[in-house]
Amino acid sequence: MHRPKHVQLLVIVAGVVMNVVFAFVLFVLGLMIGLPTGISAEEAHVHPNARLIVSSILPDSPAYDAGIKPGDVITGISSLGSVPQELDPVAVSAFIAQAPSPVTISVLRGTEILTLEATPEAGVLASDPQRKILGFALGLVDTVPIGFFEAVSSSFLLTGSTLSQIAVS
């Protein structure tokens, strides 16, 4: 039995609308429970559980050669027994730039803790060829829940942004 075209169209539109509503509800719940969020160095004292995460790796860099991967959680770093004052992106970058020898880096990858070694090199970064680096970008990440009304407001923006990205691609 064939249904009229307007009923078929209504069923299709209702399906799309319910998918959008479902996405909106998931965004609200996710934001209220807490999603991983980038934390600035200034906010780190408010977020004691923030983790130092490798966000990207330069190809053919010492970090790449050592096996460090994006998403690794830096749990420790040392060189000849010395350690950075804090485990934040600025302190770790400064420590690496001054490290006299290979740097030992402990990372959490999934459930496994790995100990990797890399020697900082100058000339890896084209914009600052004199600076010794390992070739990774770091960020502080914490799970930050937000209140209901802010979650609803943000979810409208996220849902709209996601729909526009879907429509463009």
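Student: Which residue in β5 is the bridge partner of S106, and how should I read such a pairing?

Tutor: The bridge partner of S106 in β5 is T115. Two strands count as paired if DSSP finds at least two bridges between them, and the strands (E, at least two residues), like the helices (H or I, at least four), are DSSP runs numbered from the N terminus. Here strand β4 (residues 103–109) and β5 pair in the antiparallel sense over seven bridges. S106 of β4 also stands opposite G76, and β3 and β4 pair in the antiparallel sense over five bridges.

Student: What kind of model is this, and which residues count for local features and for side-chain atom pairs?

Tutor: This is a predicted model, in which local features need pLDDT of at least 70 and side-chain atom pairs count only at pLDDT 80 or more, whereas totals for chains, interfaces and linings use all residues. Residues are numbered from 1 along each chain as its sequence is written, and side-chain values use heavy atoms, with hydrogens and water left out. The general idea of pLDDT is the predictor's confidence in each residue, from 0 to 100. The protein chain has a mean pLDDT of 91, with 99% of its residues at 70 or more; confidence is lowest in strand β1 (residues 35–39), at a mean of 89, and highest in strand β5 (residues 112–118), at 96.

Student: In what order do the six strands stand in the sheet?

Tutor: The six strands form an open, antiparallel sheet in the order β1-β6-β2-β3-β4-β5, with β1 and β5 as edge strands, each pairing on one side only. On average, neighbouring strands of this sheet are turned by 45 degrees against each other, direction ignored. Antiparallel β2 and β6 are joined by six bridges, and S56 stands opposite A137 in β6. β2 and β3 pair antiparallel over two bridges, where I53 stands opposite V73 and L52 opposite I74.

Student: How is the crossing of α1 and α4 read, left-handed or right-handed?

Tutor: Axes are lines fitted to C-alpha atoms, for helices over the stretch in contact, and angles run from 0 to 180 degrees between N-to-C directions. The axes of helix α1 (residues 5–33) and helix α4 (residues 148–168) come within 8 Å and cross at roughly 135 degrees. That makes α1 oblique to α4, since angles under 35 degrees count as roughly parallel, over 145 as roughly antiparallel, 65 to 115 as roughly perpendicular and the rest as oblique. A crossing is left-handed if the near helix is turned anticlockwise from the far one by less than a right angle, and right-handed if clockwise; α1 passes α4 in a right-handed crossing. Contact means heavy atoms within 4.5 Å, and the contacting residues include F24 and F27 of α1 and F148 and F156 of α4.
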